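Confidence in the model is treated at the end.

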Amino acid sequence: MLEQKKNNQVTDKPTHIRWRVFGILALASFIAYMLRTNVSIAAPDMMRDIGLDLIQMNWINAAFAAGYALFQFPGGIMGDSYGPRKAITLIAVLWTVFTVTTAFVPEADGTSIGLVVASLICVRFLVGAAHAPIFPVMTSWIGRWYPAGSWALPQGLSSTALTLGSAATAATLPFLIADLGWRGSFLVISPLGLLVALVWWWYARDFPEQHAAVNEAELALINADRPPLVEDPPPPPGWIRVLKNRDVLLLTLSYSSMNFIFYLVFFQFYFYLVDVRGFSEETAGFVNSTQWIAGAAGGAIGGWLCERLVRRVGIRRGHRWPIVAGLLISGLMLIGGAYHPNATVASALLAFCFFFNQLTEGPYWSTSVAIGGQFAGSAGGVMNTGANVAGIISPILVAWIATNWGWSLAMASGAGFMIIGAILIMLVRPDQPIRLD
């Protein structure tokens with residue numbers, strides 16, 4: 001009798017398969033950012049090797065952002081329609097293919113610089129397109145595998161993983177470039193995409209019901225307070241519902257404002273440290289990695305904080321408050337870092353800027369799940385499309401301001417976008433999901 005009771009207790013204890021599968025997603029997020037941040041770190045060497053100027057390099061950066069922006073929404077629809085398992089396997093294979101392709105762009109010798117720039121613009125556009133679906137599809141998967149109201153922490157941890165991937169790239173790639181050149185460094189890291197594809201296809205499933213290791217207790221935990229999945233919702237299609245939803249559009253505008261600083265760090269910070277603040281390339285790589293690590297901490301803490309606020313003050317205020325605080329403090333830190341005369345103090349302030357910026361990631365993506373419901377992938381795709389329009393604007397606008405008025409104003413310009421984002425998020429209603437009737 002005692003033995004039977006022990007067995008029942010074990011059977012009734014929920015498994016944690018959702019966290020194991022999420023671990024693979026976190027690895028995918030980490031590697032995705034290794035395979036996209038590489039050009040930002042290699043930019044000074046690429047510019048010297050090929051003969052690019054700042055404007056040309058930023059058009060190349062903008063091409064990545066354009067591909068990334070244009071394929072966000074289609075990527076979200078793909079994840080909702082064909083399932084996260086197939087979608088992430090496919091795009092992870094493409095990450096490897098296009099990283100290798102980047103390493104083989106034409107040499108400057110014997111080739112016009114215009115052709116080289118055009119080749120890099122095309123390749124970086126394709127890199128952006130291949131990376132675009134990862135977070136909308138991840139959002140779709142999290143919405144299916146986590147209990148209602150418990151989305152912010154995994155979303156925040158996925159942000160932590162991506163920023164740690166960028167930190168690892170910033171810390172290690174300068175040494176690989178010193179030994180192998182920028183082309184060789186790309187070839188060394190390119191197989192990581194295949195690793196993600198193989199492990200994800202082997203272990204992941206689209207729904208928890210499909211995974212043999214998920215027990216009934218974990219299924220009950222995941223599905224508690226969850227509205228039933230509508231197999232054939234009435235017209236219009238889900239993607240049209242998402243595009244017409246007021247809260248999705250306001251969320252998109254707010255998230256786009258936040259991403260101005262993200263892309264400032266992603267595209268400009270390493271170059272800024274080397275060419276403006278005077279750090280050596282190896283030291284700049286370390287300093288840049290500390291900023292990404294600060295962002296990683298912000299992502300995890302923001303997701304944790306949001307979940308607890310949701311339980312305490314409700315879904316609307318619990319999502320809004322971390323975003324408003326994070327954006328406004330981030331803007332203040334950015335202004336301080338841009339204008340402080342001491343390079344070390346400035347870099348520390350900019351690290352705090354990115355910490356508070358990334359504090360908002362989990363709450364933003366959790367909001368998209370709350371509003372999107374079973375169309376969470378599409379809602380996340382719309383949100384990230386707008387965010388990456390900021391990625392197109394940011395490098396071009398920053399380069400233009402820096403060229404005409406100096407780097408201090410160029411860096412500080414992001415603070416205005418933080419104020420706009422904070423105002424807009426106060427108008428978003430996470431407690432009103434997309435209706436299916």
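This is a predicted model: local features need pLDDT of at least 70, side-chain atom pairs count only at pLDDT 80 or more; totals for chains, interfaces and linings use all residues.

G165 is 138 residues away from L27 along the chain, and the C-alpha atoms of the two are separated by 8.8 Å.

S29 is also found in α2. The relative accessibility of S29 is 0%, so this residue counts as buried. Setting aside neighbours within four places in sequence, S29 is in contact with F135, M138, S158, A161 and L162.

T37 belongs to helix α2 as well, which covers residues 17–50. T37 has a relative accessible area of 1% and is therefore buried. Its side chain reaches the backbone oxygen of Y33 at 2.5 Å. Beyond the neighbours within four places in sequence, T37 has contacts with S166, T169 and F266.

## Helix α8: A167

A167 sits in helix α8, residues 152–189. The relative accessible area of A167 is 6%, which means that the residue is classed as buried, since the limit for that class is under 20%.

N288 lies 121 residues from A167 in sequence, with a C-alpha to C-alpha separation of 7.0 Å in space. Residues up to four places away in sequence not counted, A167 touches S289, W292 and I293.

## The packing of α4 and α7

Helix α4 spans residues 72–82 and helix α7 spans residues 134–145. The two pack at an angle of about 35°, and their axes are 8 Å apart. The crossing of α4 with α7 is right-handed.

On the α4 side, the residues that meet α7 are Q72, G75, G76, G79 and D80. Their counterparts in α7 are P136, V137, S140 and R144. Sorted by class, this contact between α4 and α7 contains 5 polar, 2 nonpolar and 2 charged residues.

## Helix α14: G326

G326 is part of helix α14, which runs over residues 315–339. At a relative accessible area of 0%, G326 is buried.

Which residues does G326 touch, not counting residues up to four places away in sequence? They are F356, N357, L359 and T360. For L359, which is 33 residues from G326 along the chain, the C-alpha atoms are separated by 5.9 Å.

## After α19: V428

V428 is located in the segment after α19, a helix given as 414–425. The relative accessibility of V428 is 1%, so V428 counts as buried.

Apart from neighbours within four places in sequence, V428 is in contact with D247, L250, L251, R316, R320, T367 and I371. One of these contact residues, I371, is 57 residues from V428 in sequence, and the C-alpha to C-alpha distance between them is 9.5 Å.

## Confidence

The protein chain has an average pLDDT of 86, and 93% of the residues score at least 70. Among the elements of the chain, helix α9 (residues 192–203) has the highest mean pLDDT, 96. Helix α1 (residues 2–12) has the lowest, with a mean of 44.

Over residues 1–10 the pLDDT is below 50. Beyond near neighbours in sequence, this stretch has 0 contacts in the model.

How values were computed: Residues are numbered from 1 along each chain as its sequence is written. Side-chain values use heavy atoms; hydrogens and water are left out. Helices (H or I, at least four residues) and strands (E, at least two) are DSSP runs, numbered from the N terminus. Buried means under 20% relative accessible area, exposed over 50%, partly exposed in between (1.4 Å probe, protein chains only). A polar contact is a pair of N or O atoms within 3.5 Å; within protein, one must be able to donate a hydrogen and the other to accept it, and residues adjacent in sequence count only if both atoms are side-chain atoms. Contact means heavy atoms within 4.5 Å. Axes are lines fitted to C-alpha atoms, for helices over the stretch in contact, and angles run from 0 to 180 degrees between N-to-C directions. A crossing is left-handed if the near helix is turned anticlockwise from the far one by less than a right angle, and right-handed if clockwise. Ala, Val, Leu, Ile, Met, Phe, Trp, Tyr, Cys and Pro count as nonpolar, Asp, Glu, Lys and Arg as charged, and the others, Gly among them, as polar. pLDDT is the predictor's confidence in each residue, from 0 to 100.
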